[in-house]
Amino acid sequence: MLRTLAQDAPSKKKAVAVLPLEKKRTRIIEANWWRDLKMRGKPFSGKAIFVFCLASFLAGSLFTSRTYWTHQHQPHHHALSLPQPQPHDATRPRDCDHKRKLVEVKSGDVIEEVTKTHQAIQSLDRTISMLEMELAGARIRHNMYGDGRSDSDSVTDNDNSTSTSTIKKAFVVIGINTGFSSKKRRDSVRETWMPRGENLKKLEKEKGIVIRFVIGHSATRGGVLDRAIEAEEAEHRDFLRLNHVEGYHQLSTKTRLYFSTAVSLWDAFFYVKVDDDVHLNLATLVTTLAKHRFKPRIYIGCMKSGPVLSQKGTKYHEPEYWKFGEEGNKYFRHATGQIYAISKDLAAYISINLPILHRYANEDVSLGSWFIGLEVEHVDDRSMCCGTPPDCQWKAHEGNVCVASFDWQCSGICKSVERMKTVHNSCGEGNGAVWSSDI
C-alpha cells in the first residue's frame, strides 16, 4: 500500500484519477462474483453475504482515505491557484508611480484653473465696480441738482474748474470737513500737516494724494459767508464745494454728498473723511491704507459702540432711539467720526444709493448703518485715534507713529488753533516723510 501511495504522489491528476479506476475494478469483481453465483445455482448463506458487504465497505473506505491523504500531502499544489508573478509585473510599481504623477499633474492643473478663474472673477468685479462708479459720477454730474444750475455752479475743485467727463486717477482722496467759521482751523492745518500751493498740486500728481477742504454753501447762496469762502479759495485753491446747505445737524447729508461727489471727480482706491481739528500724518495714513489696497469693501477707523442717547437736549441726542431697542442700548459697531476711510466700492455704493440711504442724527452712526447687511470688512485701527501729547509722542518714540491724533473729550484737538502746531512738532512724522513714502 505504501508503494502505491508513493507511486500516486507525483501529480494531482493521477491522485484524482485513482478513485474512478478502483471503483471500476470493484464493480468488475462484484459482477464476476454474481455471475459465478448464478452459474453455480447455489444460494449464499446470510453470513457470507454479511462478510461480503463488510469487505466491500472496508475496501471503499480504504480507497477514499487514500485519495484524501494523497490530496492533502501534495507539495503546496493549492498555491497553483494564486496568480504567479509575471515578468511584466516588475514594471507595475513604475506604472503606479507614473499614474500617481499624472494624478498630481491633473490636480495641479485643476488648482491652476481655479486660480485663473478666481483672478478672472476679481477682474470682472473690478470692472463692474468701475462701471458703477462711472455711472454714479455721470448721474451726479448730469442730474443730481434740481435747481437748474449747471455743473460748473454746483461742484468745483481746487483749480476753480468744473467737474469734467474725465475722472482723475488718485490713490486716496482726503476730504477735510470744515465750516464757515473755521478759517483759523484751516490755517492751522495748512501750517502743519497739509501742503500748500504748488506742493499740494505736486503731491496730487506724484503721489496720488488729493486733499481738499469740504464745504457747502450758506442758506442764502451768494451771501457774505459764501463770498468769504470764494476769496479763500482764490488764494489757496484747496476747496471742494458741495451743493449743500451747511449746518451741524446736516452732517449725515454732507457726508453722503461728499463721498458721492468725490467718486464723480476722482477714481481713487480710498476716500477719507477727517475733521479740521484733527492732526494727521499723511505718510503713515498712506502706508496704512496701502495694506488694504486690493481688498474690496474696506471700512477703516477706530471702531466704537457708544450708548444711544434718548433724552432730549443732550449732545448727540438720537431722535430715533427707539429703533435701537430698549433704553440704555448701544449702537452697532462703527468708526468714530473724527476720521475714517472707505474703499472705492463703498464710496460708489453710497453714490449709487444716495436717495435711499437713511440719515441718523450722528453722521458716523449713519455711515456705519449704510454698511449693515453688506459684505464689508471692518478694520479697527487704533493708530487712527491716538491722544495728543504725551500719548502720540510716546508712541512715536517707540516707532509706532500715529495716523491721527486728537482729544476724545473735545471730539478733536482741544483748542486746536493754538495747539495744532505743538501736536505736529511732538507727534508729526516729519515734513519730508510723505515725499519718500512708497505707495
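Colleague: Is Asp276 buried or exposed?
Modeller: Buried means under 20% relative accessible area, exposed means over 50%, and partly exposed lies in between (1.4 Å probe, protein chains only). The model is predicted: local features need pLDDT of at least 70, side-chain atom pairs count only at pLDDT 80 or more, and totals for chains, interfaces and linings use all residues. Residues are numbered from 1 along each chain as its sequence is written, and side-chain values use heavy atoms, with hydrogens and water left out. Asp276 has 3% relative accessibility, so Asp276 is buried.

Colleague: How many salt bridges are there?
Modeller: A salt bridge needs a side-chain nitrogen of Lys or Arg within 4 Å of a carboxyl oxygen of Asp or Glu. By this rule, the count is 21.

Colleague: Which residue forms a salt bridge with Asp276?
Modeller: The closest N and O atoms of the pair are 3.1 Å apart. Asp276 sits in the loop between β6 (270-275) and β7 (279-280), and the partner is 91 residues away in helix α6 (residues 183-190). Helices (H or I, at least four residues) and strands (E, at least two) are DSSP runs, numbered from the N terminus.

Colleague: How many residues apart are Arg419 and Asp407?
Modeller: They form a salt bridge, with closest N and O atoms 2.9 Å apart. Arg419 lies in helix α14 (residues 416-427) and Asp407 in the loop between β11 (404-405) and α14, so the pair ties together parts whose separation in sequence is twelve residues.
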